[in-house]
Amino acid sequence: MRKSFAVAAASAVAGLTLLAGTPANAAPANPAPAAATATVPDCVKADFWTPFFKGVEVTMENKCTTVQRVKPTFNIDMANVPCFALQPGQKEKFYRDVIFASGYKFAGLVSC
């Protein structure tokens, strides 16, 4: 009986040692990249519409005096939206065919 108690105690200590080695607030091995959330200056303008309800379109214009890197965002997650480096005075257009485009709302531009 003493031997089994000693084995159980040793196992418990070993388990506690393993638990103590990994803190509860340790970061995951491959954390997800942080989402771009910084807003862009007011001198960058954007217009949004859903042509024929078959796609989404955002026209962006840089009215700033410096290069602006911007990315359009929507109320529904959209994969692989590119980052646009807009020179002063430059206009760019983002368009994507989407099903039920009328459900998409333009959330704004973010820095990227």
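Where is the place of Phe-52? In this predicted model, the answer is the loop between strand 1 (44-49) and strand 2.

**View 1. Phe-52 in its loop, with a positive phi.** Here we zoom in on Phe-52, which sits between strand 1 (44-49) and strand 2. Its phi comes out positive, at about 55°, even though Phe-52 isn't a glycine. As for the side chain, Phe-52 is exposed, with a relative accessible area of 70%. The cut-off for that label is over 50%, so Phe-52 counts as exposed.

**View 2. Phe-53, also in the loop between strand 1 and strand 2.** Phe-53 is not a glycine either, yet it has a positive phi of about 55°. With a relative accessible area of 59%, Phe-53 is exposed.

**View 3. The largest nonpolar core, 17 residues in all.** If you want the residues with the most contacts inside this core, pick Val-44, Val-56, Met-60, Val-70, Phe-74, Met-78 and Phe-94. Strand 2 gives the largest share, with 3 residues. As a bit of background, nonpolar side chains in soluble globular proteins tend to be buried together.

**View 4. Phe-74 and the residues it touches.** Phe-74 is among the core residues with the most contacts. Leaving aside residues up to four places away in sequence, Phe-74 touches Phe-48, Val-56, Val-58 and Phe-94, along with Tyr-104, Lys-105, Phe-106 and Ala-107.

Technical notes: Residues are numbered from 1 along each chain as its sequence is written. This is a predicted model: local features need pLDDT of at least 70, side-chain atom pairs count only at pLDDT 80 or more; totals for chains, interfaces and linings use all residues. Side-chain values use heavy atoms; hydrogens and water are left out. A nonpolar core is a set of buried Ala, Val, Leu, Ile, Met, Phe, Trp, Tyr and Cys residues joined through side-chain atoms within 4.5 Å. Buried means under 20% relative accessible area, exposed over 50%, partly exposed in between (1.4 Å probe, protein chains only). Helices (H or I, at least four residues) and strands (E, at least two) are DSSP runs, numbered from the N terminus. Contact means heavy atoms within 4.5 Å.
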